[in-house]
Amino acid sequence: MKTILLIGLGRFGRHIARRLNDLNIQVMAVDNQEERVNAVLPYVTHAQIGDSTDEEFLSSLGIRNYDACIVTIGDNFQNSLETASLLKELGAGKVIARASRGVQEKFLLRNGADEVVYPEKQLASWTAIRCTSEHILDYIELDGDHSIFELSIPGDWNGKTIIQLDIRKKYGINILGVRENGELNMNIVPDTVLSKGTSILVLGRQRAVQKCFHI
């Protein structure tokens, strides 16, 4: 079972703790405020009150024993930066840190973080794309060109099979799955028929998806 060290238990950190709990991941949660630590106790395996910029305290947690260390300190960037740096110095295999501005992302990557999450930027991108068309139900950006979309099917696709539409040949878009009545079916075949109310999970270049679905 994977083990995670989660440092910073504000709103973002608490959401991560709950989600990791849902995934049955063992979590050591750390914050310097007692009330925040108490708030996540139902969702974590262990928790400690402490200063993550204190090398002696961090060292006592056995940093090398965790599969990943997540730093979600949002109210003090200096502490976040110092924590990420110390974690790497103490032998952390993987450090994921939160940024709230582009310049913070750069500093974190230069000072110990292996990956940086930028919640505001990522949510803004998701919201902007989601609102461009009523067809878009969900969206995951993979890189600058490719994304996974969940889209409701256009009305004129009703009753047609995947091979009849052949959007892979026409647009270079791969259909990964079909959702119907809330159930996602990933075992699709060319003869799978799409019906009204169906949504599909597709992978492709963003411009190709926009062209195909007239977004």
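This is a predicted model: local features need pLDDT of at least 70, side-chain atom pairs count only at pLDDT 80 or more; totals for chains, interfaces and linings use all residues.

Biologist: Okay, how much space lies in the largest pocket?

Modeller: About 380 Å³.

Biologist: And which residues are closest to its centre?

Modeller: G10, R36, I73, G74 and D75. They belong to a lining of 23 residues.

Biologist: Which element gives the most to that lining?

Modeller: Helix α1, with four residues. That helix covers residues 11-22. Strand β2, residues 26-31, also supplies at least two residues of the lining.

Biologist: How do the lining residues divide into nonpolar, polar and charged?

Modeller: Five are nonpolar, 11 are polar and seven are charged.

Biologist: Let's switch to the backbone. What is phi of N24 near?

Modeller: Near 60°. That is a positive value, and N24 is not a glycine.

Biologist: Where is N24 placed?

Modeller: N24 sits in the loop between α1 and β2.

Biologist: Is N24 buried or exposed?

Modeller: Exposed, because its relative accessible area is 54% and exposed means over 50%.

Biologist: Where is D166 found?

Modeller: In the loop between α7 and α8. Helix α7 spans 162-165, and α8 spans 167-171.

Biologist: Why is D166 called partly exposed?

Modeller: Its relative accessible area is 25%. Buried means under 20% and exposed means over 50%, so a value in between counts as partly exposed.

Biologist: New topic. Which strand does E180 lie in?

Modeller: Strand β9, which runs over residues 174-180. E180 is partly exposed, with a relative accessible area of 36%.

Biologist: Which residues does E180 touch?

Modeller: S195 and T198, leaving out residues up to four places away in sequence.

Biologist: What does the side chain of E180 do with the side chain of S195?

Modeller: The two side chains make a polar contact at 2.8 Å.

Biologist: And how are E180 and N111 separated?

Modeller: Their C-alpha atoms are separated by 46 Å. Along the chain, E180 and N111 are 69 residues apart.

Note on methods
Residues are numbered from 1 along each chain as its sequence is written. Side-chain values use heavy atoms; hydrogens and water are left out. On a 1 Å grid over the protein atoms alone, a cavity is a set of points where a 1.4 Å probe fits but cannot get out, and a pocket is an open set with protein on both sides within 12 Å along at least five of seven lines; lining residues have an atom within 4 Å of a point. Grid points are joined across faces, edges and corners, and a volume is the space filled by probe spheres set on the points. Ala, Val, Leu, Ile, Met, Phe, Trp, Tyr, Cys and Pro count as nonpolar, Asp, Glu, Lys and Arg as charged, and the others, Gly among them, as polar. Buried means under 20% relative accessible area, exposed over 50%, partly exposed in between (1.4 Å probe, protein chains only). Contact means heavy atoms within 4.5 Å. A polar contact is a pair of N or O atoms within 3.5 Å; within protein, one must be able to donate a hydrogen and the other to accept it, and residues adjacent in sequence count only if both atoms are side-chain atoms.
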